Amino acid sequence: MKQNPKILSIVLAGGEGTRLMPLTRDRAKPAVPFGGVFRLVDFPLSNLVNSDMRQVIVLTQYKSHSLDRHISRVWRFSALLGNYVTPVPAQQRLGKHWYLGSADAILQTINIIEDVQPDIVVIVGADHVYRMDFRQMVQSHIDSGAEFTVAGIRQPVSQSNQFGVINTDPAHPQVITHFEEKPETTAGLADDPSMMLASMGNYVANTDALFNALRQDEKAADTKHDMGGDIAPFFAARGEAGVYDFTLNDVPGSTEKDRAYWRDVGTIKQFYDAHMDLIAYVPDFNLYNEQWPIYTNSGSLPPAKFVHAGRDRLGHATDSIVSPGTIVSGGEVHHSVISPNVRIHSWSQVVDSVLFDGVVINRRARVYKAILDKNVVLTENATVGIDTERDIERGFTITPEGITVVPKGTVVSD
């Protein structure tokens with residue numbers, strides 16, 4: 001391997017995100033707003049850019065308009081140094097079908113990879129919340145001599161059916177002996193039987209070896225053409241797969257609490273819980289790390305504004321994130337994440353909730369433990385998250401944990 005290998009990064013952003021419905025009804029999962037001013041895709045892209053990996057292609061597919069628009073508006077580099085973030089929609093290069101899986105998505109863009117001629121390809125998912133210096137993973141990959149490296153993180157054994165599960169050689173803990181995608185059950189780790197080693201969906205591969213694996217997978221009969229389901233097991237079976245321990249990754253400015261933070265936000269509960277992590281007194285994930293920023297562009301918006309300080313009404317927010325362009329006018333916000341351009345009017349209450357851009361909460365309306373998508377309007381005295389039966393009647397999604405989700409543009413009346 002060269003001393004300074006040429007690297008191309010690929011972001012897999014074609015997922016349908018069915019478990020996040022109705023937030024993915026009109027947009028791709030990586031385009032879902034997160035943390036007030038960001039979109040999910042901003043997290044992997046920021047990690048790559050902060051890692052000095054600035055030749056990036058983003059593979060898109062489902063409902064990709066808002067994702068493509070966001071990337072083209074926000075992620076623009078000077079071409080002078082050859083840096084770029086380029087969305088690449090499904091091309092149907094290999095026949096009249098869309099991407100059959102994440103491995104097929106990369107196979108269909110082999111011509112783009114060949115044009116760049118990288119030594120190493122870094123492949124990351126587009127819908128996880130974390131900070132990671134990919135330079136350290138690439139160096140670990142080179143040092144190990146593996147052809148293919150998977151980033152691993154400990155997760156509870158009870159969640160084995162949600163992750164790719166990594167088994168390693170006890171004598172050589174960096175070598176993957178067996179990789180299984182989303183098994184119903186799995187054995188725990190020797191030092192902690194309640195935990196397993198799960199794939200983060202981030203991979204580093206030597207280009208020639210990756211091409212060989214993808215072409216063999218294309219011809220295979222029993223395959224889902226998936227990076228985790230097929231390509232990782234292919235390398236593991238040949239003894240050519242290594243694991244990179246995410247807890248060893250050292251990001252500048254990280255705290256002891258958030259240094260190994262990684263969240264899959266694939267379900268409404270996970271998405272909601274990750275937002276609550278942001279507003280903890282000492283946040284589980286610190287958005288305010290200036291040494292490793294999460295980049296986005298929330299527009300030319302004025303600062304948030306809080307008005308009315310009378311005895312009977314007080315415009316205020318506590319234990320919350322409030323984004324630019326928002327006006328809290330005599331209402332109360334508690335333990336919530338408020339996106340840009342939200343209006344919260346007198347004597348209204350927003351508690352334990354996530355409000356997307358442009359939401360309007362009119363007078364005396366109340367929102368409890370809810371996610372309101374863009375441009376939702378609550379009329380005077382309307383409620384969300386208070387009367388479960390009424391919310392079900394109105395067609396809102398309610399999770400088993402009691403999180404109510406209101407789709408984009410809904411007008412909620414009393």
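**Exercises on salt bridges**

Arg238 has a relative accessible area of 41% and is partly exposed; this term covers the range between buried (under 20%) and exposed (over 50%), calculated with a 1.4 Å probe on protein chains only. The model is predicted, so local features need pLDDT of at least 70 and side-chain atom pairs count only at pLDDT 80 or more, while totals for chains, interfaces and linings use all residues. Residues are numbered from 1 along each chain as its sequence is written, and side-chain values use heavy atoms, with hydrogens and water left out.

**Exercise 1.** Describe the salt bridge between Arg238 and Glu240.

*Solution.*
Step 1. A salt bridge requires a side-chain nitrogen of Lys or Arg within 4 Å of a carboxyl oxygen of Asp or Glu.
Step 2. The N to O distance between Arg238 and Glu240 is 3.3 Å.
Step 3. Glu240 is partly exposed at 23%.

**Exercise 2.** Determine which parts of the chain Arg27 and Asp373 tie together.

*Solution.*
Step 1. The side chains of Arg27 and Asp373 form a salt bridge of 2.9 Å, N to O.
Step 2. Arg27 belongs to the loop between β1 (7–13) and β2 (33–34), and Asp373 to the loop between β25 (370–372) and β26 (377–378), so the pair links parts 346 residues apart in sequence. Strands (E, at least two residues) are DSSP runs, numbered from the N terminus.
Step 3. Arg27 is buried at 4% relative accessible area, and Asp373 is buried at 1%.

**Exercise 3.** State whether Arg135 and Asp133 are buried or partly exposed.

*Solution.*
Step 1. The closest N and O atoms of Arg135 and Asp133 lie 3.0 Å apart in a salt bridge.
Step 2. Arg135 is partly exposed at 35% relative accessibility, whereas Asp133 is buried at 5%.

Definitions and conventions:
Helix = DSSP H or I, 4+ residues; strand = E, 2+ residues; numbered from the N terminus.
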